Amino acid sequence: MPPVRTGLLRATALAAALLAAACATRPPADDPEGLAEYREANDPFEPANRALFEVHEVADRFVLQPVAEAYRDVLPQPVRNGIRNLLGNLRAPVILANDLMQGNISRARITLGRFMVNSTLGLGGLLDVSREWGVPGHSEDFGQTLAVWGLGEGFYMFVPLLGPSSPRDLAGQGVDIALNPLTWLGQGAAVDAAGWTRLGLTVVDTREALLEPIDQLRASSLDPYSTLRSAYRQRRAFEIQNREDQGRAVAPAGVTGFGQGVTQPAPPETRP
């Protein structure tokens with residue numbers, strides 16, 4: 001089984017097991033404010049989610065963040081931009097499939113055109129020629145497609161290394177993996193190495209783009225878990241409505257961005 005699918009299945013199984021073990025207490029009927037807050041958060045497994053969030057924080061502080069900082073220090077920004085462009089270009093078939101399933105032909109034409117131009121004139125996607133010509137990219141995933149089809153997000157959940165999610169978006173990511181032609185390249189050492197390399201680059205690239213936002217979140221929020229939960233839902237709502245910010249560095253993602261690729265070059269560095 002390809003490494004991306006294996007990792008996702010293991011993470012999903014772990015999350016399901018822990019979520020089943022803990023459920024937030026529903027406020028009594030005579031506490032209308034508490035009930036309203038409970039329904040708005042839609043986080044019935046909050047104790048387990050917070051525990052998973054803490055597991056993720058430990059892994060991030062001691063592994064992901066240091067690796068991302070070293071990645072930024074070692075590779076100059078033009079090289080990182082090339083890697084980011086390449087990862088985004090590799091995701092184009094999945095974006096195209098979701099554009100079509102949502103019936104958005106105009107965005108599908110943009111995705112197909114960008115893929116053809118960047119794969120040829122852009123040296124396989126290392127250069128985002130289309131963006132330089134005034135045609136920026138966008139992202140779509142099957143979680144968004146399910147939302148367009150009318151499926152609700154379901155309860156909030158947090159999966160270590162993947163981040164904020166919901167049953168709809170986690171299932172959607174599994175479908176996106178199945179839709180990706182690279183998933184079905186075959187077996188063998190070379191294919192496995194390519195899959196792991198792509199996954200590793202995606203994780204490191206995504207975390208590098210989030211160095212400043214996550215630092216700011218930790219420094220300014222009294223409850224980073226709640227802040228992240230709210231930010232995730234707001235961002236997903238914008239993505240589903242196709243109201244993406246074209247200036248952002250990281251493409252939208254059903255979760256943290258890992259496995260999603262990116263469509264924009266990184267902004268100028270602000271860290272010392």
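Reader: Let's start with Asp 141. Is that residue buried or exposed?
Author: Asp 141 counts as buried, because its relative accessibility is 3%. Buried means under 20% relative accessible area, exposed means over 50%, and partly exposed is in between, using a 1.4 Å probe and protein chains only.

Reader: Before we go on, what am I looking at, and what got counted?
Author: This is a predicted model, where local features need pLDDT of at least 70 and side-chain atom pairs count only at pLDDT 80 or more, while totals for chains, interfaces and linings use all residues. Residues are numbered from 1 along each chain as its sequence is written, and side-chain values use heavy atoms, with hydrogens and water left out.

Reader: How many helices and strands does the protein have?
Author: There are 12 helices and two strands. Those are DSSP runs numbered from the N terminus: helices are H or I with at least four residues, strands are E with at least two. As for burial, 46% of the 272 residues are buried.

Reader: Back to salt bridges. How many does a search of the whole structure find?
Author: The search gives 22. One of them joins the side chains of Asp 43 and Arg 229 at 2.8 Å, N to O. That pair links distant parts of the chain, with Asp 43 in the loop between α2 and α3 and Arg 229 in helix α12, 186 residues apart. Asp 43 is buried at 3% relative accessibility, and Arg 229 is buried with a relative accessible area of 12%.

Reader: And what about Glu 212 and Arg 72?
Author: Their side chains form a salt bridge too, at 2.6 Å, N to O. Glu 212 is in helix α11 (residues 211-220) and Arg 72 in helix α3, 140 residues apart. Glu 212 is partly exposed, with a relative accessible area of 23%, whereas Arg 72 counts as buried at 10%. Salt bridges that share partners join Arg 72, Arg 80, Arg 84, Asp 205, Glu 208 and Glu 212 into one network.

Reader: New topic: rings! How many aromatic pairs does a search of the whole structure find?
Author: Six. Rings of Phe, Tyr and Trp (its six-membered ring) pair if their centres lie within 6.5 Å; planes under 30 degrees apart count as stacked, over 60 as edge-to-face and the rest as tilted. Phe 45 and Phe 155 have ring centres 5.0 Å apart and planes at 70 degrees, so they are edge-to-face.

Reader: Why is the pair of Phe 53 and Tyr 225 called edge-to-face?
Author: Because the planes of Phe 53 and Tyr 225 are at 70 degrees, with the ring centres 5.8 Å apart. Phe 53 is in helix α3 and Tyr 225 in helix α12 (residues 224-240), 172 residues apart. Both Phe 53 and Tyr 225 are buried.

Reader: Which residues do ring pairs link into a cluster?
Author: The cluster is made of Phe 53, Tyr 156, Phe 158, Tyr 225 and Tyr 232.

How values were computed:
Salt bridge = Lys/Arg side-chain N within 4 Å of Asp/Glu carboxyl O.
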